[in-house]
Amino acid sequence: MPGFGRKTTSALIAAGLGLCAPAVSAATSDPAPPAALARNPDMAERAWIAAQTYHTVRRYFAHWDGLPAAYDWDAHFRAYLAEALAAPDRRSFSLATMRLFASLNNGHTGFTDEALNEDTRPAPFYAEPISGRWTVKLSRIAPLAPGDVIVAVDNVPIETWVAPIRAVIGQSSPRARDSLVVLRRYMLPERFTLTLAGGRHIVVDRSAPPAPLRGRTTPDAVTTTVRPDGTVVIAIPSFNDPKFEAAAVDAVKANSRAPLILFDVRGNGGGNSPGKLAAAMMDRPYAGTVVATPFTIAEFDAHGSFDPNDNPLPKAMVRYGPDITQPVPGAFGGRAALLIDRHCASACEDFAIRFKTAHRGPVLGEPSWGSTGQPYQVVFADLGMKLRVSTKRESFADGSPFEGVGVVPDIAVPLTATDLRAPGDPQLDRALAAAQPRR
């Protein structure tokens, strides 16, 4: 389908924490053998990874205009090279490489090392900033409940404590970056103490047997719920496997007489852009995005190499779009609404963008992740390492920015700490009430 392509993103939060059955992961290379994960890369291997990093970023990275004007990739890389080659062990080398990639501030650009996750246990809770306060959303620690607010860790203020973790996370917005802090398990101590608002102290021991899970998780399959008023809620947890999109399309067709279908894509981390789902429920033309991707011309680069004041990074960009897709016969023509959150990412945002720009119905919730970009990847299979670089920068059809902004709801229905403490799903209830026509 025009305007749609394969997208990948990080695994869903619950799977990353080991808090529930894992969702289908994004496409990855074959796993490295255990011996590779225990091995410290030698000097030649480090140099090769560094060389591939420099070349791939220079040639394919599409987001230079999203960085501060003073950003100097060569200066960042030279500082990194000295650190990476002198790193005393594998962990230090990988963290240095992650910090370099994080400096590019892009959610589809980064470096991963399987060994760091293999060697560490997940945290038995998940938290992220909600209304400016680090709030627990999921917990397997008996005294720690969803809605609790963390103010310090090991007597260090939470904002200070998360700073070195933030430094290895490359994302397109602070909101997206902070959603991954607790998931960086290799940056967390094995045992630490949380100080909660109100003064309570909770010891986190990652080796302790976990308590039963508390908190609302993303389902591991498409679910369809018919509300008492006939409204149908179709919850789609992922687009990482074609079965999710196929089940959602079937649900739309099975409920073609519903007075309202609300698509709940909270927590949907993306996967493959759902062109078939868009076709099934778009009863009007809809626009894609404007795409920019680097265009390298050797002669242009050659001229620039003789001018010390010339910016050596790519200036030529190919731009295309937005494509306009016409509706197909039999598309759902009833009322529709869409509920998104900060974890609706990549291919999930492809769907949300088209839903919103077509004015298919109200978009509710909170701004989405704000990153897409068809990454180019380089796999170091013998080491269990991989890098990826975003090759395209997308904007909305009218030219307004998407990267780092996301899809902004028509009606804000933010998640609150009160929602997390309450039974049921108050955020969904408020979204459904807001989606009803005004009388």
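Reader: Does α3 pass α4 in a left-handed or right-handed crossing?
Author: Helix α3 passes α4 in a right-handed crossing, meaning that the near helix is turned clockwise from the far one by less than a right angle. This is a predicted model, in which local features need pLDDT of at least 70, side-chain atom pairs count only at pLDDT 80 or more, and totals for chains, interfaces and linings use all residues. Residues are numbered from 1 along each chain as its sequence is written, and side-chain values use heavy atoms, with hydrogens and water left out.

Reader: At what angle do α3 and α4 pack, and how far apart are their axes?
Author: Helix α3 (residues 43-60) packs against helix α4 (residues 73-86) at about 165°, and their axes are 10 Å apart. The two helices are therefore roughly antiparallel (angle over 145 degrees; under 35 is roughly parallel).

Reader: Which residues make that contact?
Author: On α3 they are Met43, Arg46, Ala47, Ala50, Thr53, Tyr54, Val57 and Arg58. Helix α4 contributes Trp73, Asp74, Phe77, Tyr80, Leu81, Ala84, Leu85 and Ala86. Contact means heavy atoms within 4.5 Å.

Reader: How many of them are nonpolar, polar or charged?
Author: The residues of this contact divide into 12 nonpolar, one polar and three charged.

Reader: What about α3 and α5? At what angle do their axes cross?
Author: The axes of α3 and helix α5 (residues 90-102) cross at roughly 10° and come within 12 Å. Helix α3 is therefore roughly parallel to α5. Arg46, Ile49, Thr53 and Val57 of α3 meet Phe93, Leu100 and Phe101 of α5. These contact residues comprise five nonpolar, one polar and one charged.

Reader: Changing topic: how many residues of α13 are buried?
Author: Nine of the 11 residues of helix α13 (residues 347-357) are buried, so this helix is largely enclosed by the rest of the structure. Buried means under 20% relative accessible area, with a 1.4 Å probe. Among the buried residues are Cys348, Glu349, Asp350, Phe351 and Arg354.

Reader: What covers the buried residues of α13?
Author: The cover includes β10 (260-264), α11 (275-281), β11 (286-287), β15 (335-340), β16 (363-365) and β19 (393-395). Just after α13, histidine 359 takes a positive phi of about 55°.

Reader: And the chain overall: how many helices and strands?
Author: The protein chain has 15 helices and 20 strands, taken as DSSP runs (H or I, at least four residues; E, at least two). Of its 439 residues, 52% are buried. Among contacts between residues at least 6 apart in sequence, 75% join residues at least 24 apart.

Terms used: Axes fitted to C-alpha atoms, helices over the stretch in contact; angles between N-to-C directions. Parallel < 35°, antiparallel > 145°, perpendicular 65-115°, else oblique. Nonpolar A, V, L, I, M, F, W, Y, C, P; charged D, E, K, R; others polar. Buried < 20%, exposed > 50% of the residue type's maximum accessible area, 1.4 Å probe, protein only.
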